[in-house]
Amino acid sequence: MYRDNSKLLQAALVVLVFFIVTGGWEFYVWVSETPAFVLPAPSVVGKQLFSLLGNAMFWDNFWVTMYEVLMGYVLGILIAVVLGVLISQIRLLDLSLMPYIVAFQTIPSVALAPIFLQWFGYGLASKIVMAALIAFFPMLVNVIAGLQASGRDEVQMLKAFGASRLQILLKVRVPNSLPYVFAGLGLGVVFALVGAIVAEFVGAQKGLGKMILQFNEQFNIAGMFAILIVLAAIGMTMHSIVGMAKRRVVFWAGDH
Amino acid sequence: MDSISQPLIRINNLCKTYPTRSGDTVALDKVNLDIGDGEFIALVGPSGCGKTTLLKILAGLEGGFSGEARLGNVAITKPSLEVGVVFQEPTLLPWRTILENIMLPVELVRMDTKTYTKRALELMEMIGLKGFENKYPRELSGGMRQRAGICRALVRDPKVLLMDEPFGALDAMTREFLNAELQRIWMRAGKTVVFVTHSIPEAVFLADRVVVMSPRPGRISEIVPIGLPRERKLGDLAHAGDELARIRGHFADSSMID
Ligand SMILES: Nc1ncnc2c1ncn2[C@@H]1O[C@H](COP(=O)(O)OP(=O)(O)OP(=O)(O)O)[C@@H](O)[C@H]1O
Ligand SMILES: [Mg+2]
């Protein structure tokens with residue numbers, strides 16, 4: 001009961017904050033007569049958003065970015081899982097690769113976007129690689145941490161009943177890694193989106209990032225805000241899909 | 001026990017040293033013990049006297065010792081199908097139902113699922129877990145989880161049951177109840193049990209012989225046979241005053257009094 005109440009309260013508060021912020025914003029723009037190419041009123045952004053949603057060109061760009069994000073995400077995640085399992089199971093790989101991974105992690109990967117543009121061109125490939133790379137690192141780190149998260153007791157219990165190394169991996173280490181894996185998956189979707197947009201900024205023919213740049217050149221700030229809202233919606237939708245999958249798969253873990 | 005003439009477990013001059021940064025720890029020093037088939041042995045002794053170490057060696061989980069531990073005709077070097085282990089923590093896997101947890105040892109060595117599911121269900125009924133087959137560990141009380149741990153140790157029908165302070169984390173009432181239960185299971189199933197505990201009354205209540213150990217280095221200081229007839233009741237401990245006193249005498253100057 002208490003939980004339900006607090007959820008309802010939260011929903012009400014979120015809506016309230018939305019109206020206060022957009023109302024205040026609208027009011028400010030109206031009173032100060034700020035021109036739309038500096039700060040558009042929320043109502044203008046809303047109109048712009050609706051006209052975009054009815055525009056075939058927008059959907060064309062939307063699906064290009066979605067394709068880059070999803071392909072990059074899947075690619076980055078898959079490589080991270082394979083590498084993570086290998087590193088956690090093969091000591092030689094752990095010893096030799098971990099220092100490099102730690103070092104590479106400190107590089108802001110988005111800085112590689114111009115290089116990827118050189119290597120992979122203005123098409124989709126450079127965006128997919130960028131999205132994959134940034135989704136890759138948090139996933140890799142989480143896979144490795146997750147596979148090492150099993151308690152000594154659980155492992156010893158399995159050994160006592162005669163489990164092989166592979167059985168210990170599959171029956172204890174993998175299930176125990178799942179909360180970490182989903183943390184990596186959740187970060188990964190957001191990061192892949194960032195990667196694709198940044199790569200589009202650096203040079204692209206199509207995509208939502210490209211649209212932001214075009215609106216910027218046209219001083220269409222409302223259009224840029226509208227795209228931002230679309231990006232936020234994409235990020236939140238994918239993130240909550242991961243969250244829903246997590247609650248189904250890792251049903252035994254708590255809420256956090 | 002007269003079966004001692006042909007022991008099931010033979011521990012011969014067993015020594016185990018753990019190297020640590022601040023020098024070596026002698027966990028076991030020349031331990032000798034023969035355990036008869038069907039015998040119930042309780043191991044008592046203060047913290048750090050090597051009870052867990054001894055049990056782990058018997059479970060085939062610990063190597064690097066000198067001397068020998070034999071189960072039947074084979075030296076113990078790895079976990080055996082003939083041995084079931086109950087740990088201090090039940091260590092049930094939270095993503096498995098109780099029945100799936102109990103069946104884990106069967107699954108690991110690919111024994112026949114059908115036959116052993118039947119056995120698992122019988123064990124669960126015997127130990128009072130009927131109806132909890134499809135529950136998850138978090139839905140059970142501590143005592144019930146530990147019972148599930150016992151079922152898991154018994155499911156492959158091993159000859160030997162090794163138990164390391166299995167009831168140590170439970171409240172006194174649950175503990176007494178499970179002790180009585182364990183005695184019944186042991187009497188019915190005819191297992192050989194090695195049972196580690198910090199509780200002297202628990203040891204006396206359960207065991208045919210209580211093995212008293214002392215620390216630094218870990219040694220057996222006395223083996224006390226308990227003559228109480230079966231099936232024992234809690235009140236019977238009043239008739240074991242001598243044994244209780246004798247065992248307690250070993251710990252007069254240590255903190256282990258229960
Ligand atoms: N893995 C290990 N590495 C180093 N020393 C260890 C290890 N395991 C046990 N020891 C040491 O060996 C000695 C015996 O430990 P053991 O766990 O067998 O004692 P115990 O009788 O089971 O104690 P308790 O009653 O507290 O469970 C202790 O001094 C302990 O510190
Ligand atoms: Mg111990």
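The following legends describe close-up views of a predicted model.

**View 1. The annotated transmembrane span of chain A.** The unreviewed UniProt entry assigns the annotation "domain: ABC transmembrane type-1" to residues 62-240 of chain A. In the predicted model, this span is 85% helix and 0% strand. The C-alpha atoms at the ends of residues 62-240 of chain A are 19 Å apart.

**View 2. The crossing of helices H4 and H6 in chain A.** Helix H4 comprises residues 91-105 of chain A, and helix H6 comprises residues 124-147 of chain A. Their axes come within 11 Å and cross at roughly 140°. Because angles over 145 degrees count as roughly antiparallel, H4(A) and H6(A) are therefore described as oblique to each other. The crossing of H4(A) and H6(A) is left-handed. From H4(A), the residues Met98(A), Ile101(A), Phe104(A) and Gln105(A) meet Phe137(A), Leu140(A), Val141(A) and Ile144(A) of H6(A).

**View 3. The largest nonpolar core.** This core has 84 residues. Those with the most contacts inside it are Leu158(A), Leu208(A), Ile227(A) and Ile234(A), together with Ile9(B) and Leu162(B). Helix H8 of chain A, residues 165-202, gives the most to this core, contributing eleven residues. Another core, of 50 residues, lies apart from it and includes Ile150(B), Leu206(B), Ala207(B) and Ile226(B).

**View 4. The surroundings of Ile9(B).** Ile9(B) is one of the residues with the most contacts inside the largest nonpolar core. With neighbours within four places in sequence left aside, Ile9(B) is in contact with Leu33(B), Asp34(B), Ile35(B) and Leu58(B), as well as with Arg70(B), Leu71(B), Val160(B) and Val194(B).

How values were computed
Residues numbered from 1 in each chain as written. Chains lettered and ligands numbered in written order. Predicted model: local features only at pLDDT ≥ 70, side-chain atom pairs only at ≥ 80, totals over all residues. Heavy atoms only, no water. UniProt positions renumbered as here; feature names shortened; annotations may be inferred. Helix = DSSP H or I, 4+ residues; strand = E, 2+ residues; numbered from the N terminus. Core = buried A, V, L, I, M, F, W, Y, C linked by side-chain atoms within 4.5 Å. Buried < 20%, exposed > 50% of the residue type's maximum accessible area, 1.4 Å probe, protein only. Contact = heavy atoms within 4.5 Å. Axes fitted to C-alpha atoms, helices over the stretch in contact; angles between N-to-C directions. Parallel < 35°, antiparallel > 145°, perpendicular 65-115°, else oblique. Left-handed = near helix turned anticlockwise from the far one by under 90°.
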